Amino acid sequence: MKIDVLTLFPAMFAGPLDESIIKRARESGLLDLRVHNLRDYAHDRHRTVDDRPFGGGPGMLLKPEPIFEAVENLTSESTRIILLSPSGRTFNQAIAGELAESKELLLISGHYEGFDERVREQLADDELSIGDYVLTNGALPVMVIIDAVTRLLPGVLGDEESAQEESFSHGLLEYPQYTRPADFRGMKVPDVLLSGDHAEIARWRGEQARLRTSERRPDLL
Ligand code: JF5
């Protein structure tokens, strides 16, 4: 998959996407990631990317010209263009799965009070939020989406990691897990997990997962 990123803060992307599984995906060619500075598409003396909203009000908006020019330079017919902002629909695992089927993505990081509405209307195929809180810019949300999508690309996770995924994609929270020692400072591992009774262990885990989910995330049930 090819992913282009358009941001005012390209330096934020060095680090998080150069480690671990994402690093391996990039090195093996499964992910072709390119980060572009929005300012490179502004051509006035001060390379202006923002301006004041018509009608007044606080803050600045990303102006349309640099974003339109960047999109015209970076996309093909098959590119899915996605804005990141708190006004988007909330990203989740199902959306990650859909995006992982795309050939090319262009992720556009918002900033200030957001985008000129014409960017939304004319350019964007989708607008995504990663949750109901406000960040200083969309770089972290872009990285969250890249991470969640990349690990779903065929061949990115090893067999072991993929099998793990299978067992947790049942829509419940994880059951409690323990490793050695069986008694740590008097805190004991539940007897059932030491019993060797695999049917009973499976029953206990299912029960724990349902209990924990109804306690913490009743919206998932
Ligand atoms: C942003 C205008 C983008 O704050 C976010 C965000 C929160 N959840 N998902 C995204 O993005 C940065 C701020 C203001 C546009």
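**Exercise 1.** Identify the polar contacts of the ligand, that is, pairs of N or O atoms within 3.5 Å.

Solution. 
Step 1. A backbone N or O atom of I130 is found 2.9 Å from a nitrogen atom of the ligand.
Step 2. For G131, a backbone N or O atom lies 3.1 Å from a ligand nitrogen atom.
Step 3. S129 places a polar side-chain atom 3.4 Å from a nitrogen atom of the ligand.

The model is predicted: local features need pLDDT of at least 70, side-chain atom pairs count only at pLDDT 80 or more, and totals for chains, interfaces and linings use all residues. Residues are numbered from 1 along each chain as its sequence is written, and side-chain values use heavy atoms, with hydrogens and water left out.

**Exercise 2.** Describe the shell of residues near the ligand (one heavy atom within 4 Å of it).

Solution. 
Step 1. The ligand is surrounded by 17 residues, and Y112, I130, G131, Y133 and L135 are the closest.
Step 2. Sorted by class, eight are nonpolar, eight polar and one charged; here Ala, Val, Leu, Ile, Met, Phe, Trp, Tyr, Cys and Pro count as nonpolar, Asp, Glu, Lys and Arg as charged, and the others, Gly among them, as polar.
Step 3. Strand 5 (residues 79-90) supplies the largest share of this shell, three residues; strands are DSSP runs of E with at least two residues, numbered from the N terminus.

Definitions and conventions:
Near = heavy atom within 4 Å. Polar contact = N/O pair within 3.5 Å; in protein donor to acceptor, adjacent residues only side chain to side chain. Helix = DSSP H or I, 4+ residues; strand = E, 2+ residues; numbered from the N terminus.
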